[in-house]
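Thanks, everyone. I'll keep this short. Please have a look at the model on the screen, and then I'll walk you through it.

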Amino acid sequence: CIPRGDVVVVGGTYHEESFDVGHTGDEVTRIKRNAAAFYPALAGADPLTVWTGLRPVRHAGVRLEHRRAGDIVLAHNYG
């Protein structure tokens, strides 16, 4: 759950080697149930919107590291 002002972003699915940007009612139901278990105030809340996006995959595994760029610390966490 990621609070963003007056809304909360929840969810996520993983489908290896899939480029389908659709979603199913079962996936939405599972995400809602898991979000409410994590944050009970979301129980009974209806989604404002449901959307699907694609993320690249790193077959080498997760990249979790940091480096300095002048006075700024950059964190890499993806894959």
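Predicted model: local features only at pLDDT ≥ 70, side-chain atom pairs only at ≥ 80, totals over all residues.

Let's take the fold. The protein chain has one helix and four strands. In sequence order the pattern reads β-β-α-β-β. How does the radius of gyration of the protein chain stand against the globule rule? It is 16 Å, well over the 12 Å that the rule gives for 79 residues, so the chain is more spread out than a compact globule. The C-alpha trace spans about 45 × 30 × 20 Å along its principal axes.

Now burial. Buried residues account for 8% of the 79 residues. The protein chain exposes about 7000 Å². Carbon and sulfur atoms supply 55% of that area. As for contacts, take the ones between residues at least 6 apart in sequence. Of these, 31% join residues at least 24 apart.

On to charges. There are 9 positive and 9 negative side chains. The centres of the two sets lie 8 Å apart. How many salt bridges does the count come to? Two.

Here is one of them. Asp-46 pairs with Lys-32, and the closest N and O atoms are 3.9 Å apart. The cut-off is 4 Å. Asp-46 sits in the loop between helix H1 (25-38) and strand S3 (63-69), while Lys-32 is in helix H1, so the pair ties together parts that are 14 residues apart in sequence. Asp-46 is exposed, at 63% relative accessible area. Lys-32 is partly exposed, at 34%.

Next, the other pair. Arg-63 forms a salt bridge with Glu-65. Here the closest N and O atoms are 3.1 Å apart. Glu-65 is partly exposed, with a relative accessible area of 42%.

Both of those residues come up again with His-76. His-76 lies in strand S4, residues 72-78. Is His-76 buried or exposed? Buried, with a relative accessible area of 15%. The cut-off for buried is under 20%. What does His-76 touch, leaving aside its neighbours within four places in sequence? Arg-63, Leu-64, Glu-65 and Arg-67. So much for His-76.

Stay with strand S3 for a moment. Ala-69 lies in that strand. Ala-69 is partly exposed, at 34% relative accessibility. Now look across to Ile-31. Ala-69 and Ile-31 are 38 residues apart along the chain, and their C-alpha atoms are separated by 37 Å.

Ile-31 turns up again in the next group, around Val-10. Val-10 is in the loop between S2 and H1. Its relative accessible area is 33%, and Val-10 counts as partly exposed. Beyond its neighbours within four places in sequence, Val-10 is in contact with Cys-1, Ile-31, Ala-35 and Leu-42. Take Leu-42 from that list. Val-10 and Leu-42 are 32 residues apart in sequence. From C-alpha to C-alpha, they are 10.0 Å apart in space.

Asn-34 is in helix H1. Asn-34 is partly exposed, with a relative accessible area of 41%. Asn-34 and Thr-13 are 21 residues apart along the chain. Their C-alpha atoms are separated by 12 Å.

Last, a backbone point. Most residues other than glycine have a negative phi. Where is Glu-17? In the loop between strand S2 (7-9) and H1. Glu-17 is exposed, with a relative accessible area of 60%.

The salt-bridge count is two. Thank you.

Methods:
Residues numbered from 1 in each chain as written. Heavy atoms only, no water. Helix = DSSP H or I, 4+ residues; strand = E, 2+ residues; numbered from the N terminus. Rg over C-alpha atoms; globule rule 2.2 N^0.38 Å. Buried < 20%, exposed > 50% of the residue type's maximum accessible area, 1.4 Å probe, protein only. Contact = heavy atoms within 4.5 Å. Areas by Shrake-Rupley, 256 points an atom, 1.4 Å probe, with all protein chains shown as cover. Lys, Arg positive; Asp, Glu negative; His and termini not counted. Charge placed at Lys NZ, Arg CZ, Asp CG, Glu CD. Salt bridge = Lys/Arg side-chain N within 4 Å of Asp/Glu carboxyl O.
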